[in-house]
Amino acid sequence: MKKHHLFAALVLTLLSLGATNTFAKELVIYSARNEQLIKPLFDAYTKETGTEISFITDKAGPLLQRLKSEGKNTRADLLITVDAGNLWHAAREGVLQPVESIILQANILVHLRDPGNQWFGLSLRARTIVYSTERVKPADLSTYEELGAPQWKDRLLLRTSKKVYNQSLVAMLIAEHGEDGAEQVIRSWVANLAAKPFSNDTKMMQAILAGQGDVGIVNTYYFGRLLKKNPELKLALFWPNQKSTGVHVNISGAGVTRYAKHTEAAIKFLEWLSSEKAQNLFADGNMEYPVNQSVATHPDVAAWGDFKASKQNLAIAGQLQNSAIRLMDRADYR
Amino acid sequence: MQQSEDTTTEASSRGFSHLIPHPSGWQCFTLIIALLVFIPLSILAFAWLEPAWDIWRHLQETLLSRLLLNTLTLVVGVSTGTLLLGISLAWLTGACEFPGRKHFSWALLLPLAMPTYVLAFVSLGIFDFSGPVQTQLRAWFGRNIWFPDMRSAGGVILVMTLALYPYVYLLTRNAFRTQGKRALEAAESLGCTPVGGFFRVVLPMARPWIAGGVTLVMMEALADFGAVSIFNYDTFTTAIYKTWFGFFSLPAAAQLSSLLVAMVFLLVALEQRLRKRMRFAQSRLAPQADRVQLTGTCRWLATGYCSLILSIAFLLPSLQLFRWSLNVFHEEFDSRYLGLLGHSLLLALIAAVVITAVALLLSYAGRRHSDRLTHALIRTATLGYALPGTVLAVGIFIPLAWLDNLMIDLAHNLFGIDIPQLLQGTVLIMIVAYTIRFMAAGFKSIDSSMHRVTTNIDEASRLMGLRGIKLLARVHLPMLRGGIFTALTLAFVDVMKEMPITLMTRPFGWDTLAVKIFELTSEGEWERAALPALTLLLCGLVPIVLLMRETDK
């Protein structure tokens, strides 16, 4: 019957839609770093080397699940995510493979990559203190832990504990103080909150500007973006824990998938990403710090000042993430 | 109108069962659709094979009671809110006459095109502490001026009510428009006051439509992640995501989700039970009943009320989106937007047609077979609407990847050829996934209209020699027109707004407007997301306006 032909044709068309352009690509990437931040790098690489890249963006969780379900038949060669915790979990779930590359080891600082060489940091951001320049003297600030002191009662603003950046920060606190010590810090923060935790860093900074609170904790690039829009911003960054462990830093990074079909190409691309040119693109695109020490920080970012960064290996963020979340739940940090 | 007991249905359905070419065909079809939904659901159920007791214990010690309370508050609040708004607006525009009624009648549907997460971030942008309203108030009245806390249960209920009331409004309006004044007059002739008549006759008669609408709302509220996370309001859904993305325990997340499904199954069963013993049919089909003429202050109160709702649910947020879009237009807009737009429209269009067709057949199957099994299957087929999108997406993806891997292995082992993945990353799979997700939206719209088609009509048609497909095409379809257009619109708009399934199943390069919004908002770039959000909104308006023109004929 004709109807059946029509139906079959429709199904075939739908099947073929989208399927055609996925063959013959030279590099396939799953990325949890957003399109607007990552595509310029892909474009630059394609222009330079002629390597065609196709990619899919999604959250880290679904991408990881996707890799697991696809198993050895996955098309993905490279997994890019933000936050070291996500990378650590990807490695633990067995979807990445170790990469021995002298270039990567030389370019990327040792605490910003996996001790087992399964993932590598590609850009660096600090999670630091932001304060109102109208109502806070930087001299009053000292450490993350001190934000729980009585002088910040009803002045502290935080982002939700559901965000992985805060989970990693608390994981680092646990590594320093142990669970009980870290829980005391978190409880003292919660007691000082001037408003319920915010859903994102930008909203939190806007609340400080509006006077809802005076200090908070942000990722540096969110501050940078706000500053770019408004150079007169009445906010400034403060680098805490300079006499002790240093500022908490986190990465966006990548790893070659275990069943990559284009392993060589993926490693080459990773190496390129750690090179000077790509590192500059990273910083320009999102106002982040390079992971390659021989690359100069972008002047706009460098203008926020030098700081001593924590040298703890970021794998800790993954190992202690579970404890960190439970701790924050117990402390009623929402 | 008549409202009769169900006792005759059994007999009459047996009576004309010989009319259907393949009596079991309907049931087979229902079974297939139910299976499609059942597979991802059972993937969730399988997670119970390894219960994540330590996570459950942790939740029970810390969050669980608050989560349950919050979720309950949200669902009760939003359904109450949407009932109040939806029914009152539907009655005013459907059965009354007041200045501007004609325009409000369609304009009040516009918020349907506004994704809940967009309304959430725009409302917070305007009304939160750092937003322009409170800032201005502080400038006028000093720092200590009191303003209700937006980021609270009340705030999130308000926003979701404003975003979701059109579901109740749309379905209920269909009922009121055709009952109109006549029902009220009948009640008054029996000695009811107008108010009493409304509550004792008009509302009960509109029950299937109202129930259909509010069930959709409840399912949306239970499954919502976008809006509640913008408000940082912890619900069952946020816990599911946290368990998955934070504890990296998909089994525990699936276990939590399966409880959500159980709740919704009960909800849907309850709805069906509530109206099981009723038949809602019209004695004669009048396209437009007389309207109640509002007089005096009432007229203007009605106009004012409709304007107020329209403004805060649609005009104000749209203006804000427009303003933000202007700010970012030069840096954000490029030729890629055409591609995003094209993908969004194409996917939504195909999916809407498929969903509506399947919903029509399901509803028909339910009509033909009143046995328990068929109805349980139909219930199952609509459950996808209640799951958090990402969870459903995984439930779909896991068996899909398994099937693909199986085919690849088979091809390799049996024929020695290497084939790529055939299903993953194809538009066909996206359409199937959307159908699983949004079946309820299509089904509820059509099924409530289906109650209008009485068995008498079938009998009469049979006497005139119409049967099978002809009966459907010549008699039923024209009567179901309104329901079908409603289903098409709801499905189209829902698919346009959909995020997680699109993210997980799209082919390489098939980004849509919703994907773009995801990319921008997940990094907190709300203002830049205004451009795709506004485009999405405008696209959603097209079918809504078409629907209004269609049903207002």
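Predicted model: local features only at pLDDT ≥ 70, side-chain atom pairs only at ≥ 80, totals over all residues.
Local features need pLDDT of at least 70 and side-chain atom pairs count only at pLDDT 80 or more, while totals for chains, interfaces and linings use all residues. Residues are numbered from 1 along each chain as its sequence is written, and chains are lettered from A and ligands numbered from 1 in the order in which they are written.

User: How many residues of strand S1 of chain A are buried?
Analyst: Strands (E, at least two residues) and helices (H or I, at least four) are DSSP runs numbered from the N terminus. A residue is buried if 20 or more other C-beta atoms, placed from the backbone, lie within 10 Å of its own, exposed if 12 or fewer, and partly exposed in between. Leu27(A), Ile29(A) and Ser31(A) on one side of S1(A), and Val28(A) and Tyr30(A) on the other, are all buried. For S1(A), residues 27–31, the count is five of five.

User: Which residue of S3(A) is the bridge partner of Tyr30(A)?
Analyst: S3(A) covers residues 78–82 and pairs with S1(A) in the parallel sense over three bridges. Within S3(A), the partner of Tyr30(A) is Leu79(A).

User: How many charged residues are on the side of chain A that touches chain B?
Analyst: Residues are in contact if their C-beta atoms, placed from the backbone, lie within 7 Å; this takes 48 residues from chain A and 45 residues from chain B. H2 and S2 are among the elements of chain A that each supply at least two residues. Asp, Glu, Lys and Arg count as charged, Ala, Val, Leu, Ile, Met, Phe, Trp, Tyr, Cys and Pro as nonpolar, and the others, Gly among them, as polar. The side of chain A has 15 nonpolar and 22 polar residues, and the charged ones number eleven.

User: Which element gives the most to the side of domain 1 of chain A that touches domain 2 of chain A?
Analyst: Domain bounds come from an automatic or database assignment, which gives domain 1 (26–124 + 250–295) and domain 2 (126–248 + 314–330). The contact takes 16 residues from domain 1 of chain A and 14 residues from domain 2 of chain A. With five residues, the element that gives the most on the domain 1 side is H4(A).

Terms used:
Pairing = 2+ DSSP bridges. Contact = placed C-beta atoms within 7 Å.
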